[in-house]
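Please read the following briefing alongside the sequence and the coordinates.

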Amino acid sequence: MKSEPNITLLYSYGVHFLRTARALRQQHETATITAFIPRDFPEELLSDLNIRCVPLLPNPSQERSLNHVVTILRALRGMHPDVFVVLFDSPKLRTLAALSGSRERICYHSDGRITPVRWSLPGALTRAFIQGFRGRVRYAYIWCHVHFIRVNRYPVQESKPGDSDFSTVDHYTDE
């Protein structure tokens, strides 16, 4: 008999956190689910789902530091999760998922899709290079457009009175 996995859910400032927590509990009824949440998050929202809360994340208004990331990573690795769940497929969350030490890393998207989170150093470097290159090309295109495209600087000519004068047209005829 296969035992239920130890699941860790990382809170992100998205609209689908509670929906994801409910879906995880429905799929894994007897699994141990732990949610890393902000300090001011109302834990009562997860108590009916039997999800353990770890209020370790900074609140939205708080500054994030490298020490905070190290603390989160230590707590995460100490839990030895089998499944690590994130809500967005961003480079930072991909890196955190890779460093979590979990066997399976998945992303629950806001549109309901579930995708695996893959991360490798060559892939991350390649993506960063491609995104940086695209950004520089886009910036160069906009810069050239602003500096080299001629703009007609002549004033707009007044229209002729007959073009827009509707006073000679009878709009209200009952015939």
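**Surface, cysteines and backbone**

At 53% relative accessibility, Phe133 counts as exposed, where exposed means over 50% relative accessible area, buried under 20% and partly exposed in between (1.4 Å probe, protein chains only). This is a predicted model, in which local features need pLDDT of at least 70 and side-chain atom pairs count only at pLDDT 80 or more, while totals for chains, interfaces and linings use all residues. Residues are numbered from 1 along each chain as its sequence is written, and side-chain values use heavy atoms, with hydrogens and water left out.

**Nonpolar surface**
- Phe133 lies in helix H5, residues 121-148 (helices are DSSP runs of H or I with at least four residues, strands are runs of E with at least two, numbered from the N terminus).
- Together with Phe129, Ile130 and Val137, Phe133 makes a nonpolar surface patch of about 420 Å² (patch residues have over 30% relative accessible area and no salt bridge, and nonpolar side chains are joined within 5 Å, like charges within 9 Å).

**Cysteines**
- A search of the whole structure finds zero disulfides, a disulfide being a pair of cysteine sulfur atoms within 2.5 Å.
- Cys53 is buried at 17% relative accessible area, whereas Cys144 is partly exposed at 36%.

**Positive phi**
- Most residues other than glycine have a negative phi.
- Asn50, in the loop between helix H2 (44-47) and strand E3 (52-57), has a positive phi near 60° and is exposed, with a relative accessible area of 60%.
- His80, in the loop between helix H3 (66-79) and strand E4 (83-86), has a positive phi of about 50° and counts as exposed at 60% relative accessibility.

Definitions and conventions. Areas by Shrake-Rupley, 256 points an atom, 1.4 Å probe, with all protein chains shown as cover. Salt bridge = Lys/Arg side-chain N within 4 Å of Asp/Glu carboxyl O.
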